[in-house]
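Hi,

Here is the structure I promised to pass on. Have a look at it first, then read my notes below.

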Amino acid sequence: MHAQTTPTSDSPINPPYTTPMDATEYFDSGHSRALPWKRRPHAASLLQDLRDPQRGFSAVVIGEPQRTFYGNQFGNTFPLFVHFGVPLWVPEVGGPIDPDNEAHDLVMSVFGGMSKGERNRIKIRVRTAMAAQAQIEGRYLGGRPPYGYMLEDAGPHPNPAKAADGKRLHRLVPDPVSAPVIQRIYAEYLLGKGYLAIAIGLTIDNIPCPSAHDRPRNSHRHATAWSKGAVATILNNPRYTGHEVWNKQRKEEVLLDIDDVTLGHRSKQTWNNRDQWIWSANPVHEPLVTLQDFKAVQTERQSRHQRRDHPRPLLLHTHRPYQLRGRMRCSLCRRTMQGSFNNGHTNYRCRYTQEYARTAALDHPPTLYIREDAVVPPLDAWIAKIFEPGRLTRTLHELQRSQENTLATAPALEVARITIADCDRRIAQYRAALDRGTDPELVTRWINQTQTEKAAAQRQLSETTASRRSVLTEAEIRDLVEELGDIASALASAAPENKQRLYEALGLNLVYYAKERIVTVESQPALMCTRGKWVVHESR
């Protein structure tokens, strides 16, 4: 989209491949057209700029309406242009859209429907092609290799365009270190051991768990010991039979907010039924277990589940407002503590040893509990204290200084500069390839893609540079804080649901030290970083 500064009723519409010198470009590279404008960064920026009387442009030119509007997005967006008196120019309409012209409204609705239909057709074609490649060719379709395997180069990509771009095929080959562990897990399970018993044996033998084996790609995961979940996942993976298996999961689109459908959908990973999995017709990589052993394991798992004397009760979703949900961690294992309601009180618990094998390096009790009512009152007192009148000046100074430090480093600024330099380097290489006789159509496509990336990076650079100049002064921050009123009273009377959102906005991270009976708290919102701690006093 181009924001044109000086259009008139007889001005020519700029083609989508040219940008006027006096225009501002809003281009969302890498974002799905299915996202509403509010959730696309540059489109949302345009909507925000419409509200500014000093916006610096008087009209907006849409290059390709079928890529700008999806479904009914036009009907949800165009009224804003009308309200703020900004004409919306579309080449297919032949000029600015007339809000009173039914034909214009019909044409734009058709473009939205075409955009939705095109996306659905692409989705169907891609999924059909991937299913055929997995079933007929047994092709490895990407993603990280499962534990027990590593990737090996399998030659150039069969698609000439992708091959020219340097893409290659890969296949799975056994990892000499972890492949024997897979075979041990299957053998021990068929001998009668359970998930936790297998995990304990592997941990005792100092065999690194999957997260420790490939630490660079699993730095966010626990790596001290084997867990029941890791063993169960390995026993449920059919790729160890040598077959390529695809479509075990699917992306399901669910409404982001059922009370505001204009916000669109979000993607959610969902497991498919086993009869929907796509198996390659023949083994395509070296198996670590036989197909017979894999089927025997699945039969045994089902049998053990049915033999339980006391089946697990049906778990119902709770609506209890856990105020510290996702914010309380155990100091021993660094895992997030789970909310639990028992004995008439809300608690947070860590059941590390129920999921992981115990190790000498981590002396973790079977279960750790801490009551919510032992944490929230002193937490609220700490929040109120840092904003009390006697300390307000210091807090405001820390806020303002933290703001300047954050904006001064601005990692996004450096990323944008690196991206622009990389794009310039690639464009020069593509032009050199053109001089050497490479297919002009292919090189043109490469250059266009790179220029699109460069334009997005330039946009990010300008936005980040502008944000560095918008540092709030201490006086402005003081006005914002004073608008909150008496924070202590507000915290005391706030509903648990509202306090949960407040804690999230403050970026609270709490750590429970069970032996010392101490909880530490760190607040790291966008413009603040303060710390505190207190001793927990509980009555049981």
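Glutamate 188 is buried, at a relative accessible area of 13% (buried is under 20%, exposed over 50%, partly exposed in between, with a 1.4 Å probe and protein chains only). Its side chain meets that of lysine 193 in a salt bridge, 3.9 Å from N to O; the term stands for a side-chain nitrogen of Lys or Arg within 4 Å of a carboxyl oxygen of Asp or Glu. Lysine 193 is partly exposed at 37%.

Before you go on: this is a predicted model, where local features need pLDDT of at least 70 and side-chain atom pairs count only at pLDDT 80 or more, while totals for chains, interfaces and linings use all residues. Residues are numbered from 1 along each chain as its sequence is written, and side-chain values use heavy atoms, with hydrogens and water left out.

The structure holds 17 salt bridges. In another of them, lysine 499 and aspartate 380 meet at 2.6 Å, N to O. This pair links distant parts of the chain, 119 residues apart: lysine 499 is in helix 18 (residues 496-506) and aspartate 380 in helix 12 (residues 376-386). Helices (H or I, at least four residues) and strands (E, at least two) are DSSP runs, numbered from the N terminus. Lysine 499 counts as buried at 8%, and aspartate 380 does too, at 10%. Elsewhere, salt bridges that share partners join Arg33, Glu64, Arg67 and Glu118 into one network.

Take the link between glutamate 118 and arginine 67, at 4.0 Å, N to O. Glutamate 118 lies in helix 4 and arginine 67 in helix 2 (residues 65-68), so the pair ties together parts that are 51 residues apart in sequence. Glutamate 118 is partly exposed at 24%, and arginine 67 is partly exposed at 45%.

Now for the backbone. Most residues other than glycine have a negative phi. Asparagine 247, not a glycine, has a positive phi of about 75 degrees. You'll find asparagine 247 in the loop between strand 8 (245-246) and strand 9 (249-255), and it is buried at 11%. Arginine 517 has a positive phi too, near 55 degrees. That residue sits in the loop between strand 16 (508-513) and strand 17 (518-523), and arginine 517 is partly exposed at 33%.

Cheers
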